[in-house]
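Please read the following explanation with the sequence and the structure side by side, and find each residue as it is named. The walk begins at a loop and then moves on to other loops, to rings and to a pocket.

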Amino acid sequence: MNDEIDDDAVDDDASNDDAPDDDQPPGYAWSVARQEAELPAEEYRLHRAILDEFEEEDLEGLDLSRTDDYILWAAAQAFDEIDRRDEAAELVRRIVASVGRHPALHYPDILFFHAGLLRDRGDYDEALATLDRAERQDATLRDDCAERRAEILVLCGRAGEGRRMFESLAAARRDDPWLPLTAGWAFLQAGDYGAARDWAERGEKALRRASDRGTIDEDDARAAATEIDRVREEAAARNERRGTKGAGGAARGAAGAPPTAPAGLADEILALLDAEEARLVQRPPRTAAEREEAERRLRALHARASRAWDDAVEADDHALIARFDDLQWEIVGLAERFGMDIDD
């Protein structure tokens, strides 16, 4: 059974004794080969089955009430993989609060993973405290923790602090295209599309330097280039959509004009969703009243998208059917990210 443990006791006792073996995924102190060789066969097989074979219904049927951290970690990763992040976060919370330390796991990595889940939910203070714990337990995570801190500072509205931290990191990692991309996505979510575009450009320059110096392999370079294009294109699209939102705005036309065309309506709803994401990212709902108001806004957007989908079905317009279907799921996904269920 996993009992709660005093955080300070764990942090003070942290050492490099459980430093990860070479060539193992994050969260593990042992390589896969060592896990298979040294752990009880039944435990190892269940862990691998959860990661590689279990479907969603199999995960839901697992009894995890008294299992050890090794199995909990497999289940947490599996739930995260299918975007069931509430369940993943609850399992990780149990792992990082447990007394028994499983020898095959590297707990600072799991703390870092937990900070990412907390970031996604808007639990920024807890995420920052969790990063502090991870860094105290493993100093080699210092740069990764600093990058995530900068990201969280941008997301929570402390953009100046986050920008300065990103600038400092970028100066030390001039050939790393992924750091500017982290900054770009953070500013994009926070609604600063100009900054997102600027960081995408910096990522492109870093990628060019890394390619010229041969410090990045071909696959990684290709992936970074694709992500740079995604940030740049998304920033441009959101900036263009920004002018379409708002009742009575230009997108709706003058008084007495025909209602917004279906394609224009999709952009209008997307623009409102962009603004809602920025609002929720910077000011996550904390009280019941704030949650109720956020749910009301998202339900209203979902209802508009649903009515437009009905109209598209009636018109037998398959392109618009697909677009409004995707849009409804985007709205539901944003709600679920912050722990709200609006899918009636």
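Asp316 is exposed, with a relative accessible area of 52%, and since the model is a predicted one, this value, like the others in the text, is computed from predicted positions. The residue is found in the loop between helix H15, which covers residues 288-314, and helix H16. Its backbone deserves a careful look, because most residues other than glycine have a negative phi. Asp316, although it is not a glycine, has a positive phi of about 55°.

His106 belongs to the loop between H6 and H7, yet it is buried, with a relative accessible area of 2%. What does the side chain of His106 make with the side chain of Asp138? The two side chains make a polar contact, at 2.8 Å.

Another loop, the one between helix H10 (159-172) and H11, holds Asp176. The side chain of Asp176 is joined to that of Arg173 by a polar contact of 2.7 Å, and a polar atom of the Asp176 side chain also lies 2.9 Å from the backbone nitrogen of Trp178.

A pair of aromatic rings is described by the distance of the centres and the angle of the planes. How many aromatic pairs does a search of the whole structure find? The search finds three. In one of them, the ring centres of Trp73 and Phe113 are 5.1 Å apart and the planes stand at 90°, so this pair is edge-to-face. Trp73 lies in helix H5 (residues 69-81) while Phe113 lies in helix H7 (residues 107-121), and the pair therefore ties together parts that are 40 residues apart in sequence. The two partners can also be described by their accessibility: Trp73 is buried, with a relative accessible area of 2%, whereas Phe113 is partly exposed, at 22%.

The charged end of Arg101 sits over the ring of Tyr107, at 4.1 Å from the ring centre, and Arg202 lies over the face of Trp199, where the distance to the ring centre is 4.1 Å.

The next step is to consider empty space. Rolling a probe the size of a water molecule over the atoms shows where such space is left. In this model the largest pocket has a volume of about 1,200 Å³. Its lining is made up of 39 residues, of which Arg85, Asp120, Gln189, Glu277 and Arg337 lie nearest the centre of the pocket. Several helices each supply at least two residues of this lining, among them H6 (85-96), H9 (142-155), H11 (178-189) and H13 (218-241). Which helix gives the most to the lining of the largest pocket? That helix is H16, with seven residues. As for the kinds of residue, the lining of the largest pocket divides into twelve nonpolar, four polar and 23 charged.

Asp274 lies in helix H14 and counts as buried, at 5% relative accessibility. Between Asp274 and Arg242 there are 32 residues of separation in sequence, while in space their C-alpha atoms are 8.1 Å apart. Arg283, in the loop between H14 and H15, is exposed, with a relative accessible area of 55%. The C-alpha atoms of Arg283 and Leu155 are separated by 9.1 Å, although the two residues are 128 residues apart along the chain.

Methods: Residues numbered from 1 in each chain as written. Predicted model: local features only at pLDDT ≥ 70, side-chain atom pairs only at ≥ 80, totals over all residues. Heavy atoms only, no water. Phe/Tyr/Trp six-rings, centres within 6.5 Å; stacked < 30°, edge-to-face > 60°. Helix = DSSP H or I, 4+ residues; strand = E, 2+ residues; numbered from the N terminus. Buried < 20%, exposed > 50% of the residue type's maximum accessible area, 1.4 Å probe, protein only. Lys NZ or Arg CZ within 6 Å of the ring centre and 35° of its normal. 1 Å grid on protein atoms, 1.4 Å probe; cavity = no way out; pocket = protein on both sides within 12 Å on 5 of 7 lines; lining within 4 Å. Points joined across faces, edges and corners; volume = space filled by probe spheres on them. Nonpolar A, V, L, I, M, F, W, Y, C, P; charged D, E, K, R; others polar. Polar contact = N/O pair within 3.5 Å; in protein donor to acceptor, adjacent residues only side chain to side chain.
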